[in-house]
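Please look over the sequence and the model before reading on.

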Amino acid sequence: MSLELVIGNKNYSSWSLRGWLLVELSGAAYQETLVPLFRADTHARLLEHSPTAKVPVLKWDAGVIWDSLAIAEYLAERFPEAAMWPRDVAARAMARSVCAEMHSGFGALRSHMPMDMQRNAPLASVTDDVKHDIQRIVAIWTGCRERFGQGGPYLFGEVSIADAYFAPVASRLRSYGVQLPAEAAAYVETIFQWPAFQRWLQAALKE
Ligand SMILES: N[C@@H](CCC(=O)N[C@@H](CS)C(=O)NCC(=O)O)C(=O)O
């Protein structure tokens, strides 16, 4: 089986980071193709890879998988030995819930604090809806860690799909200098210590 992951710029593309961490988590061999975003030909080039003209896209022998959540489920099913979802059924249900919430929510945080890994500066002011998103993220992280985090420093102890989903948020919170309660700050540090995340970050800093 051959896998090709199509991504956007490493500095800016938060969804690509999720897809890339997912493939890394699976342990599968894959080829990486980077399509630069924000260029005149970006849309046309993305359409060559994906019906939605969005990244990430995972191509495999039988076709194309677009959207990060579909990529997560495909890889988890295809590489069960990687245990990409938590093994415990209650932890897995919570992991699926928080990933779905991340996938469809947090619009204020996304639009006001876009991922920019090279940035190291706070916003002049933070709106109430962004503060609300951050409070909810802190509650998610604290809840996962308290209930299921005993086996390691990640949301569900061992690293899982949920960490791939929240890694771009950890990056944003650090880039924009957001002050966090101790447990959430420790989780941001865990993401920054994740070797796969570090590899992506180092490439993003060189872009
Ligand atoms: N729901 C999609 C979101 C994908 C997405 O919005 N990707 C952005 C990059 S972070 C994109 O491809 N933008 C290209 C464009 O809009 O031209 C997923 O989960 O993969």
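A polar contact is here a pair of N or O atoms within 3.5 Å, where one atom must be able to donate a hydrogen and the other to accept it; residues adjacent in sequence count only if both atoms are side-chain atoms. In this predicted model, that rule finds eight residue pairs in polar contact across the interface of domain 1 and domain 2, both residues of a pair being at pLDDT 80 or more.

- The domain assignment of the protein places domain 1 at 3–82 and domain 2 at 89–194.
- Between the C-alpha centres of domain 1 and domain 2 the distance is 21 Å.
- Domain 1 contributes 17 residues to the contact, and domain 2 contributes 18 residues.

**Buried area**
- About 1,600 Å² is buried between domain 1 and domain 2, with 65% of it on carbon and sulfur atoms.
- Asn 11, Arg 18 and Leu 25 are the residues of domain 1 that lose the most area to domain 2, and together they account for 36% of what that side buries.

**Salt bridge**
- One salt bridge is counted between domain 1 and domain 2.
- Glu 73 and Arg 96 form a salt bridge, in which the closest N and O atoms are 3.4 Å apart.

**The domain 1 side**
- Helices α1 (14–26) and α3 (68–78) each supply at least two residues of the side of domain 1 that touches domain 2.
- The most comes from α1, which gives seven residues to that side.
- By class, the side of domain 1 that touches domain 2 holds nine nonpolar, four polar and four charged residues.

Note on methods. Residues numbered from 1 in each chain as written. Predicted model: local features only at pLDDT ≥ 70, side-chain atom pairs only at ≥ 80, totals over all residues. Heavy atoms only, no water. Domains from an automatic or database assignment. Contact = heavy atoms within 4.5 Å. Buried area = accessible area lost by both parts, 1.4 Å probe. Salt bridge = Lys/Arg side-chain N within 4 Å of Asp/Glu carboxyl O. Helix = DSSP H or I, 4+ residues; strand = E, 2+ residues; numbered from the N terminus. Nonpolar A, V, L, I, M, F, W, Y, C, P; charged D, E, K, R; others polar.
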